Structure formats: structure tokens, C-alpha cells
Amino acid sequence: MVEVKSRAVAGITALVGRQGPLGEVRARLAEGARVVNVCGSGGVGKTRLAEELRDQLVAEAVYGKVGSVYLYPIFESTASPSKEAGEGRRSEREMLLRRICRAIAGALNLIKHLPAADDPESLMRVLVDEIGDRRILLILDNCEPHVELVGDVLLSLLAAPGLQVVTTSREFLHLTAVEHLVHLRPLTVPAEGSTREAAASADAMTVFLARAAAAGLREDVLSDPDEWAAVLGLVRMSDGLPLQLELLAADLRVRQLPSKVLEFHQPDSGLSASFLDKDRVSDHQRNATSVAASHWKSCSPEQQLLWARLTMFSAAFTPEAAEAVCAGGPIEAGRVAALLAELVSRSIFSTGRSGRYSQHGILRAYGKRQLEKLIAAGDEDVQQLRESYCAWAESFADTAAQSWFGRDERRWLRKVRAEMPNIAPAVRWCKRTGQISRGEAIFTNVAQVRAQFFYAFEGELGAWADELHDQEPAEPTLARVEALASLVFIRVVLGDKERGRRHVEELKCTLGQLPGAETHPAVKVATGTYELFHRNNTGALQLLAEAVEGFRAAGQKGPEHMALLLLALGAGVFGPAELADDASRRCLAHAREHRSPWAESWALWTTGLPRCSAPADVLCDALRTQIDIGDTWGTTWSVEAEAWRRALLGTTRWELRLAARLLGGAVSLQDRHGVRISGLEPFRALRKSATDRIVDKIGLDAFRRAYKEGAKRTTEQIFAMALQHSQELDEVLAPKEQQIAALKVNGLNNAAIGAKLGMRVKTVESYVTRIYKMSGTANLAELERWFKDQGLV
């Protein structure tokens, strides 16, 4: 996908020359194709096309879930299984299959359902069962160089009838029966000797001129026939690859005139694509790599070294992270920012409004190859680079854990989400080098920020701990205890009973070998949460109260608040009322004292729980806050609790049907975000009580219809249902609205209703819109059922 303007505003710019292929992919999916493979050479825009497809389909709610997996980080440091043999090859293959399956499960919020057994066949069976006939789209980006492996995974997963897959690859997957190919070709380039008018109609020329203008090329330069000829030559040299167009245009920042850029990029035997398998790449790919090589050559030794070092990052990074990791040796402290700015000016790296830096895959691969050469040569600075990278991840996670609770809470949540792909390689390196406790400390600190709940990536984070726990430390450590405690908490609040129980047993075993660790407040939170919410053991409230005091004594404000929140939740569900009132009051005061908006929304939530002496009508207020700050996790709980409240207080059939819709909507939200509130015993009881009351009042069939209607709503529609004010529910419809609704369900259109009642059509339309809103219905069929339920004539 190609943007017309500067990369500094990537994602909001116009797209050139890609609407045809995008429409073709969508058409294939609409026709029911199981696998659509977007094929094209490197740098042609496959990834951007996939991103645009994902954004469109998510916005339109075409699928129940759209999950996207970027495979490059999984494959980049792994040799191809086809080039190995024997036991090593099988082990490598199984490792890759496990990682692919876990990545897919994480993208679809299914990771908590994966079995304890880690063999790939078991993982794939569970994925098939969980996907089932739900309408799900999976996007797998950058399937090369392991297309056979990806094909094997897809052949297994396609047993789930609801799954469709879009892949991007430089190669075919060779899934003859199910694979539909969409070839993404380069942008159109002008013919040799084209007139200016003819050249201007070519997409590649459009892109190049926009990029060149951003790089400082003046329009008056193009009036020179020689310079225009050079522009034409550069666009033709690009082969229409967006990456090459961008790099060639970026050279104008340094060489200023198109003729100078063209002269520099004339064929040079020293700029070959030697680091690629020449039998596996196209001419376009070799040309793109040649352009990358020419840019490498044009960089100073310092710029080259920084380029290579920055490939340590798997995703976009901050300038502070670049300084922490890459300074040292020939690159003096404080020089990284200036060098990075120079690389940005050459379009070797790009930056957006977030201030984070990123790089195209081909450029990163080229820089990675140069780094591998340094590693192979035994460069001492490279060895230190690995340590610096791990130290940066360790420091970031520690700082985040210490700083998140307070007025900067939302900023830290965003930062942790953004850095997750960069921290993961450091955790894997800790495992490879036997630094298990160090990796566990990184995991625990990241988990303390709770971003995994806010953004619903609990499975992704839990997978780190699972990998670390595959390898036992030399002796039991406090780091292992804290990591297991964090993992227990994650599994329990997700409603994952089996894994929660297993991790509790592992924690107890470790505690038995480490005297005194059982008093750690994190252990009390883990065991207290498990006992209370999975076993209904109200004695665990004392453990949570002790954890609150333990964290307070240690000066750990964030963990103290989380323990206090859990105490308020438990007491609010089980009682006694005195404890529920006190804990919720203290929790809310603590959040407000530290000005933590997310924490405050949850604390407010606890004041409305049923065992409080006077439950507050605050769930909608909490939900509004959670929607405003983008909380993926809390909103599902607030909608669920609002459904319980409506079921308890509802008196009319309409109110009870709305409660049933909210229950269906809440479960649908939980499915989308990987939450299982019903896996927590006290909350499952509250849901059952709400369901039983609704069924008792309106009957099972009416409940099922309303529940299904709610489950089909979009996220925004579900939120709108939950936020309808109770006063509006009592009013239902005014007499005039009832009259218009009656005419509507009896088959009159808006024009006929207007003629009958002497009203303008637009006025009727306004009434109808309000009727749908007030009745909580989305179409005429639902309105008819609601009308009958109300006993209206």
C-alpha cells in the first residue's frame, strides 16, 4: 500500500494504485474463499494492504473477530527446517509450530484455552474446537520463508468451518484445493520516453513526485529537460515498488538533483543481493535489495553501525530506547539521536506522530544481515549489544511497574502495549542464556502494570511465563515465586480454572523449597484470588486484607491498590456488608488520591456490588469512563454487571428483554476479548440468578431471542444498550411514538405514515429513529416482537 504524503503521517494519507487488489481480496472472501494469498515481491506493499483490509473489516464488523499475526519476528532468527535434518530438524519444526499456534491463539484471544500439553497437534486441535463455526478472519503476514510450515498449520485449522484466512507471501502456499491467489503487482510506471502528460498518469510517478516534494525537490527543477528525464529514469528504475520509490526520493535530501541521484544509482557490481537466495527471489526483489545496498553504501560507518544495531528491535522503538541499547563503542553516548535523524532524512527509518521509529522489512533484513556478519566475526561490541538490549528491557519493565499507578497511568499502559514486541526477544534471550530469574523478573514487572487486561493481550503475556517455566532455575528463587503469583492471578481472573489450579500447585511446590516466601503479599494475592473466585472460599478475604497491608508496608502503591480492589470485589459479592462498604470506600479514595483514572473506574464499580449495604447506581458512570479511556477489559465487566442489575430491578417485559440482550451482548464482548466471567464462581452465580429471573418473567423462548439479538450487536451498539438511562426505560414510548410504531409494524412506510398523520417524512424518520433507540431494537422484525411483548395494539 502506498501513501502519497510523507511517512511521518503514515496511516492517514491517501492510497495510490491499490484499490483494485484490495477489492479483489474482499470479493474472494465474500465468495467464501477459505484462504486468500496476497502474493508479491518484497517492497510491493503486501503488509500495508493487509493492514488496510484488517482496518476496514474491523470497522465494518464484517467478522466476529479479526486477528492479525506478523510472522517475521517468529521466523527471523530461525533457520529453515528444510535445511536441517534428523532430531534437530524435528525439534526446530515443533518449536516453530508451537510459536505460530500460540501467536494465532493470542491474536484471536484464545490463548487461555490452549492445553497444558505443548505438542503442536494438541494446540491445533484446541484452536479448531474454539474457532468452530464462529465467523473469524485470520491474517498471517510475511509467511516466507516457511510457507510449507504455514500451509501445514492452515490445513489443520481449516477444519474449523467458520475460519477464513488471508496470507501475504512472496511465494505460493501450494494449498491447491483452498488457496486463492491475488497477485499484488508493482505500481504502473511510465513507458520509456513518455511525455510529461502520459507519465503523470502512472501511479508510480504520482507517488514519486509526492515523496520528492516532501524531500525538498522544487517544482522549477522539473522544468529542466535533463532533470525531468532523470525523474523519469528514477521512476522506471524503481520497477514500481513503493519501497524503492521512497528510497530514491529520499536521496534528494542529500543529492538535491534527480540527475545526481540517478548517477549514484547506476548499476554497480558491488551492490548485489548476495544475502538472499538468488534462486528464490524475483528480479523486483533483487532490484529492491540493490537499492537497499546502495543506501547502505551511501551511509557513513557510524550510520551503518547504528542501522545494524537498531535491527535488535522487533517493532517500532523510542529514541530513548535506541540510545540505551545502541550507544557504545564507536557510537558515543548522545550521538544516537543525531545519527537516527540522519537515517530518517534518508528514509531508511521513519517516524510518526507517536515519536516511535520504524523500518521497512527489506531495509531491516539488510541491516540484520550486516549485524549477523559482525556476530559471526566475534565482534565484542555486538556481544555487549545483546546485554544492553536485555538491560534496557529489564529497566523499562521495572520503571513501568514502579510508575504506572498515578496520573500517568494511561501513558504507561500505552507504553507497555507498544513495547511488548520489543521486550519479548529479551525474555527469549534470557531463556536461551539460562538467565531464567532475570526473564521472570521482566515478566512480573510487565504483568504488574496490568496493560494485558486493558488491551486484552493476557494470553500473549502468559506465553512468556509458560516458555520460561519450561526450564527450571538452578534453585528456587523469589523471582520464580513472584512470576508464578502473577501468572496465577492472570489465569484466575480470566476464568481459566484448569491452568489456575495447576499454577497454584506449582507455586505451593516452589514455596515449600523457599522458607519464608509464603508471607510475600503477592503470594497472598494469588492464593487469595484463587480460593475466593474459583473455590468460593470466603476465608480468603483475610489473605487479601493481609496482602493490602503487606504492600502498604513495602511502599508499593500499585500492588496495594490491586489487592484492595480484589478485596472490595470479593466482599462486594460475598459480604459482609460492613467489609464491602469499607473496602470499596477505601479503594475509591485510594484511586482518587493518586489520580489514576482506570483504577478509579474499577473502584467506582465495586461500590455498586450487591453485598454493599446500599449498592450505588454507578455502573453506567464506570462504563462511560472505561469507554472514554479505551479499556477493553473493564467494559466487558461493566456491561455484564449492568445486565445483572437490570434483571434484578426490571418489572416490564421490555426491561427484562433488554437485560437479556445485555447478557447476550456481554458474553459476545467477552468472546471477542478472551474474557470468561462465567469461569469465576461467584460471578457465574450472579449471571445464573439474573438469567433465572428473566426466564421466570418472560419465558425461555423470549429470553433466548433477546439474548441472541444482543449477541449479534456491534460493540458500540452493546455499549449504547447498557447506557440507556433508567428514566427512559420507565417512559418507554410517548403516545405519539406508540401510534407511529403501531403504523410501522402494520406495514406502512415512512411516507405513508406522514401522509396519514399529516407530518413531514423527515419528522417521521426522526420519530422512528427514537422508537428504535427507546425500544432497544435494531430493525423492523425486532420492533414487531417488542411491540407484541409490550401488549401494544
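How many salt bridges does a search of the whole structure find? The search finds 31 salt bridges, a salt bridge being a side-chain nitrogen of Lys or Arg within 4 Å of a carboxyl oxygen of Asp or Glu.

This is a predicted model, in which local features need pLDDT of at least 70 and side-chain atom pairs count only at pLDDT 80 or more, while totals for chains, interfaces and linings use all residues. Residues are numbered from 1 along each chain as its sequence is written, and side-chain values use heavy atoms, with hydrogens and water left out.

**Salt bridges**

| D408 | R411 | 3.5 Å |

Burial is judged by relative accessible area: buried means under 20%, exposed over 50%, and partly exposed in between (1.4 Å probe, protein chains only). D408 is partly exposed at 35%, and R411 is partly exposed at 36%. R624 and D621 are 3 residues apart in helix 30 (residues 619–629), so about one helical turn separates them. Helices (H or I, at least four residues) and strands (E, at least two) are DSSP runs, numbered from the N terminus. R624 has a relative accessibility of 38% and counts as partly exposed; D621 is also partly exposed, with 38%.

E737 is buried, its relative accessible area being 5%, whereas R770 is partly exposed at 34%. Elsewhere, salt bridges that share partners join E549, R552, E560, D582, R585 and R586 into one network.

**Aromatic residues**

A search of the whole structure gives 23 aromatic pairs. Rings of Phe, Tyr and Trp (its six-membered ring) pair if their centres lie within 6.5 Å; planes under 30 degrees apart count as stacked, over 60 as edge-to-face and the rest as tilted. The ring centres of W637 and F683 are 5.1 Å apart and the planes stand at 90°, so this pair is edge-to-face. W637 belongs to helix 31 (residues 632–649) and F683 to helix 33 (residues 681–698), 46 residues apart. Both W637 and F683 are buried.

F683 also pairs with W644: the centres are 6.0 Å apart and the planes at 15°, so the pair is stacked. W644 lies in helix 31, 39 residues from F683 in helix 33, and W644 is buried too. One aromatic cluster takes in F453, F489, F533, W602, W605, W633, W637, W644 and F683.

A charge sits over a ring if NZ of Lys or CZ of Arg is within 6 Å of the ring centre and within 35 degrees of the ring normal. The charged end of R135 sits over the ring of Y63, 4.4 Å from its centre. K415 lies over the face of W412, 4.1 Å from the ring centre.

An open sheet has 5 strands in the order 2-3-4-1-5, with parallel pairing. Two strands pair if DSSP finds at least two bridges between them. Strand 2 (65–70) and strand 5 (179–183) are the edge strands, each pairing on one side only. Strand 1 (residues 35–39) pairs with strand 5 in the parallel sense over 5 bridges, and V36 stands opposite H180 in strand 5.
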